[in-house]
Amino acid sequence: MYTIKEVAQLMEVSEHTIRFWAKSGFFPFVTRDKNNIRQFSENDLDWVKIVKCLRSVGTENKAIKRYIDLCIMGDSTINERYEIIRATKKRAQTEIKNLKKQLALLEFKEKFYRNLIENNLADSWNPINKREKENIG
């Protein structure tokens, strides 16, 4: 069994986040010990993993709760859960595509700045330098 602190460390999220998710009903089978401390089982960790995954791509808490409720209802809800996962995957793919574009720009700028540093050059793209050049010329 794991405490909130241990789950937070294992899943690389804050304790506050785990508590919030627990209060939101995302971990329906978490038990409490004699001191009323939440106790997470290995099975509960699987719930934490899917919640973390869904949240990481921007799934709203209401939709996550719906997914959890569908899981609890059983196999008759597999089609709806499938559609939720498909839609989430599509959002993740779009996010990855956008992040790849941003990464390409950052890699270009990194090379650009490294060249400026290595060759002791002024930044010709910096609007301040352009403005100063216009004022001189």
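The questions and answers below take up the helices one after another.

Q: What kind of model is this, and from which number are residues counted?
A: This is a predicted model, in which local features need pLDDT of at least 70 and side-chain atom pairs count only at pLDDT 80 or more, while totals for chains, interfaces and linings use all residues. Side-chain values use heavy atoms, with hydrogens and water left out, and residues are numbered along each chain as its sequence is written, from 1.

Q: Which residues of helix 1 are buried, and where on the helix do they lie?
A: Helices (H or I, at least four residues) and strands (E, at least two) are DSSP runs, numbered from the N terminus. Buried means under 20% relative accessible area, exposed over 50% and partly exposed in between, with a 1.4 Å probe and protein chains only. The buried residues of helix 1 are Ile4, Val7, Ala8 and Met11. Seen down the axis of helix 1, these buried residues fall within an arc of 100° (taken from the directions from the helix axis to the C-beta atoms), so they line one face of the helix.

Q: What covers the buried residues of helix 1?
A: Cover is a matter of contact, which means heavy atoms within 4.5 Å. For the buried residues of helix 1, the covering elements include helix 2 (15-23), strand 2 (38-39) and helix 3.

Q: How is helix 1 oriented to helix 2?
A: Axes are lines fitted to C-alpha atoms, for helices over the stretch in contact, and angles run from 0 to 180 degrees between N-to-C directions. The axes of helix 1 and helix 2 come within 8 Å and cross at roughly 110°. Angles under 35 degrees count as roughly parallel, over 145 as roughly antiparallel, 65 to 115 as roughly perpendicular and the rest as oblique. Therefore helix 1 is roughly perpendicular to helix 2.

Q: How is helix 1 oriented to helix 3?
A: The axes of helix 1 (residues 4-11) and helix 3 (residues 42-56) come within 11 Å and cross at roughly 50°. That angle makes helix 1, relative to helix 3, oblique.

Q: Which residues make the contact of helix 1 with helix 3?
A: From helix 1, the contact is made by Val7, Leu10 and Met11. On the side of helix 3, the residues are Leu45, Val48, Lys49 and Lys52.

Q: Which residues of helix 2 are buried, and which are exposed on the other side?
A: Helix 2 has Ile18, Trp21 and Ala22 as its buried residues. On the other side of helix 2, the exposed residues are His16 and Lys23.
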